[in-house]
Amino acid sequence: MIMGFTEAGRMFRDVWSLYKKYAARRSDEAELAEFKDEVSVIYERYGTPFAKEILLAVVGEIERTAKFYDGQRKGE
């Protein structure tokens, strides 16, 4: 399935909003679970390989950031 230009714009807006909400902040397990639920909702909305790849990149970045802050909290 190929996403139209307007639909891609909506997807980018949704993904950007998700990223802004969770990036560069300390998240606990409950917040990360909420994040993953929101990722699923966005993927279900668009359901294309393009959406999947964009969301996987954002998930990886948010998880990396969460691990960084968790390490700081533990004094690593």
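1. Thr 65 counts as buried, because its relative accessibility is 12% and the cut-off for buried is under 20%. The model is a predicted one, and this value, like the others below, is computed from it. Thr 65 is part of helix α3, which runs over residues 49–73. Leaving out residues up to four places away in sequence, Thr 65 touches Ala 24 and Arg 25. Glu 44 is 21 residues from Thr 65 along the chain, and the C-alpha atoms of the two are separated by 25 Å.

2. Ala 66 is also found in helix α3. Ala 66 has a relative accessible area of 12% and is therefore buried. Between Ala 66 and Leu 32 the C-alpha separation is 8.5 Å, although the two residues stand 34 residues apart along the chain.

3. Leu 55 is another residue placed in helix α3. With a relative accessible area of 4%, Leu 55 is buried. Which residues does Leu 55 contact, once its neighbours within four places in sequence are left aside? They are Val 15, Leu 18, Val 39, Ile 42 and Tyr 43. Val 15 and Leu 18 are in α1, while Val 39 and Ile 42 are in α2. For Leu 55 and Phe 35, which are 20 residues apart along the chain, the C-alpha atoms are separated by 11 Å.

4. Ser 40 belongs to helix α2, residues 29–46. Is Ser 40 buried, partly exposed or exposed? Its relative accessibility is 37%, so Ser 40 counts as partly exposed, the class between the 20% and 50% cut-offs. Ser 40 and Phe 50 are 10 residues apart in sequence, and their C-alpha atoms are 14 Å apart in space.

5. The pairing of α1 and α2 can be described from their axes. Helix α1 covers residues 5–22, and its axis comes within 11 Å of that of α2, with a crossing angle of roughly 180°. The two helices are therefore roughly antiparallel, since angles over 145 degrees fall in that class.

6. The contacts between these two helices involve several residues on each side. In α1 they are Glu 7, Arg 10, Met 11, Asp 14, Val 15, Leu 18, Lys 21 and Tyr 22. In α2 the residues they meet are Glu 31, Glu 34, Phe 35, Glu 38, Val 39, Ile 42, Arg 45 and Tyr 46. Val 15, Leu 18, Val 39 and Ile 42, which are among the residues listed here, are also contacts of Leu 55.

7. On the overall fold, the protein has 3 helices and 0 strands, in the order α-α-α along the sequence. The C-alpha trace spans about 45 × 15 × 15 Å along its principal axes. Of the contacts with a separation of 6 or more, 70% are between residues 24 or more positions apart.

8. For burial and surface as a whole, 32% of the 76 residues count as buried; Thr 65, Leu 55 and Ala 66 are among them. The accessible surface of the protein is about 5,300 Å², and carbon and sulfur atoms hold 56% of that surface.

9. On charge, the protein has 13 positive and 14 negative side chains. How far apart do the centres of the two sets lie? The distance between them is 3 Å.

Technical notes. Residues are numbered from 1 along each chain as its sequence is written. This is a predicted model: local features need pLDDT of at least 70, side-chain atom pairs count only at pLDDT 80 or more; totals for chains, interfaces and linings use all residues. Side-chain values use heavy atoms; hydrogens and water are left out. Helices (H or I, at least four residues) and strands (E, at least two) are DSSP runs, numbered from the N terminus. Buried means under 20% relative accessible area, exposed over 50%, partly exposed in between (1.4 Å probe, protein chains only). Contact means heavy atoms within 4.5 Å. Accessible areas come from the Shrake-Rupley method with a 1.4 Å probe; for residues, only the protein chains shown count as cover. Lys and Arg count as positive and Asp and Glu as negative; His and the chain ends are not counted. The place of a charge is taken as NZ of Lys, CZ of Arg, CG of Asp or CD of Glu. Axes are lines fitted to C-alpha atoms, for helices over the stretch in contact, and angles run from 0 to 180 degrees between N-to-C directions. Angles under 35 degrees count as roughly parallel, over 145 as roughly antiparallel, 65 to 115 as roughly perpendicular and the rest as oblique.
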